[in-house]
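User: Could you walk me through this structure feature by feature? I would like the general idea each time, and then the case at hand.

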Amino acid sequence: MKKMGIECTFFDPDAVSDEEFKALIRPNTKLVFGETISNPGCEVFDIERFARLAHEAGIPLIVDNTFATPVHCRPIEWGADIVTHSTTKYMDGHGSCVGGVIVDSGNFDWMAHAEKFPGLCTPDESYHGLTYAKDFGKMAFIVKATAQLMRDFGCSQSPQDAYVLNIGLESLHLRMQRHAANAQQVAEWLSARPEVAWVNYSGLSSSKHHALHQKYLPQGGCGVMAFGLKGSREEAIKFMDALKLISIVTHVADAKSCVLHPASHTHRQLSEQQLREAGIAPDLIRLSVGIEDVADIIADLEQALQSLR
Ligand SMILES: *Cc1c(COP(=O)(O)O)cnc(C)c1O
C-alpha cells in the first residue's frame, strides 16, 4: 500500500504493552487493523483490548474475520468498528469465486474526530457535495465505500460470483462446525507425533492463544493450523510431496484439505528475518483442514510422515 501513500506500523499483539502500543500511534494514524485468526500464523487477536486502545486514540478498529467467519466470532460485539472478510475462503467454501465484504457497525463517531477523516467529514465534490458523516449518520462509511469507492475502483462482484457465494453461505454454519471439529482432532493427533516439532492451533489447551480462543472462539476456531516438522526444510518439502488427499495449493480455508509452505510459496520474497518478524517461521507448514472424513485426513498425514523415515 506504500504506492498508494499508505504507511503501516506493525506491532506484535502478544508482546506489546498498552503504553508501547500508544507510543506507536502517529498523529496521522487512521486505524488499527488485526485478524481474528491470523493467516498463516493462526494466532488469535485480542479484539476487545485493541478496540479499547484504538478508541482511546480516536481511531477505529478494523478486524479481518476471514478465518473465524461470523459463525464462530462476531468482532463487532467485542468492539470492532468495521469487519472485513475474504469471501473467497469459507464463505464461498469451494474455491469457486473471488470476493470480499466490508461490514460496518456504524458505531464509530467520525465527526468526533473530523480532522482525521476528511474523506468522511468534508463535502465530496464528486458526489453532489454531500458529507457522508453528516448526511448518512451511522451509514457514513459503508455509503462512501459503495457510492464513491466502488464506483471509482470498480471492485464490484459479477452476478454469477454473487450467485455462487450465496449458495456457499447457505451451508457455512454446517461446514464451520465440521472444519473446527476435524481440525481439533488433526491438531491433537499431530501434536502427539514424534516427527512434529510444534503445532499452532488455538483449540489446543497447550496453545499460548488458548485463553483468547476460549473467549473469542468458544464454539471452535477454523480448519487452519500451522505446524513445523523436526529436521530441515527438505523434510517439509518431502512430506508435502507425499500427501495424496491433501493438495498443495495457495488457496486456504476450503472444503477440500490443502497445505502450503509460505516460506517457499506465498512469502518467498521475504528474507528469513522478515519472515520471523511477520510471525512466519521458515519451517511453518500451513494446513487447512477440510470437511472430508477426518479419518481419511489423518491417514493421509500418517502415510506422508511415514515416507520421511
Ligand atoms: C485470502 C485472504 C485475504 C485476501 O483475500 P482475497 O479474496 O484472496 O483477495 C485476506 N485476509 C485473509 C485472512 C485471507 O486469508
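User: How far does a polar side-chain atom of Asn39 lie from an oxygen atom of the ligand?

Analyst: A polar contact is a pair of N or O atoms within 3.5 Å; within protein, one must be able to donate a hydrogen and the other to accept it, and residues adjacent in sequence count only if both atoms are side-chain atoms. Here the distance from the polar side-chain atom of Asn39 to a ligand oxygen is 2.9 Å. Lys89 also places a polar side-chain atom 2.6 Å from an oxygen atom of the ligand, and an N or O atom in the Asp64 side chain is 2.6 Å from a ligand nitrogen. The protein covers 62% of the 380 Å² of accessible area that the ligand has on its own; such areas come from the Shrake-Rupley method with a 1.4 Å probe, and for residues only the protein chains shown count as cover.

A word on the source: this is a predicted model, with local features needing pLDDT of at least 70 and side-chain atom pairs counting only at pLDDT 80 or more, while totals for chains, interfaces and linings use all residues. Residues are numbered from 1 along each chain as its sequence is written, and side-chain values use heavy atoms, with hydrogens and water left out.

User: Which residues are around the ligand?

Analyst: A residue is near a molecule if one of its heavy atoms lies within 4 Å of it. The residues around this ligand are Glu35, Asn39, Asp64, Thr66, Phe67, Ser86, Thr88, Lys89 and Gly99.

User: Asn39 is joined to Pro40 by what kind of peptide bond?

Analyst: Most residues other than glycine have a negative phi, and most peptide bonds are trans. The bond between Asn39 and Pro40 is cis, with omega about 5 degrees. Pro40 sits in the loop between β1 (32-35) and α2; helices (H or I, at least four residues) and strands (E, at least two) are DSSP runs, numbered from the N terminus.

User: Where is Cys42, and what is its phi?

Analyst: Cys42 is in the loop between β1 and α2, and its phi is positive, about 65 degrees, although it is not a glycine. For accessibility, buried means under 20% relative accessible area, exposed over 50%, and partly exposed in between (1.4 Å probe, protein chains only). Cys42 counts as buried because its relative accessibility is 2%. Ala253, in the loop between β7 (247-248) and β8 (258-260), has a positive phi of about 60 degrees. Ala253 is buried too, at 0% relative accessibility.

User: How many salt bridges does the structure hold?

Analyst: A salt bridge is a side-chain nitrogen of Lys or Arg within 4 Å of a carboxyl oxygen of Asp or Glu. By that rule the structure holds 15. One of them pairs Lys215 with Glu48, with the closest N and O atoms 2.5 Å apart. Lys215 lies in helix α9 and Glu48 in helix α2 (residues 47-56), so the pair ties together parts that are 167 residues apart in sequence. Lys215 is partly exposed at 31% relative accessibility, and Glu48 is partly exposed at 38%.

User: What about Lys256 and Asp254: buried or partly exposed?

Analyst: These two form a salt bridge, the closest N and O atoms of Lys256 and Asp254 being 3.2 Å apart. Lys256 is partly exposed at 48% relative accessibility, whereas Asp254 is buried at 3%.
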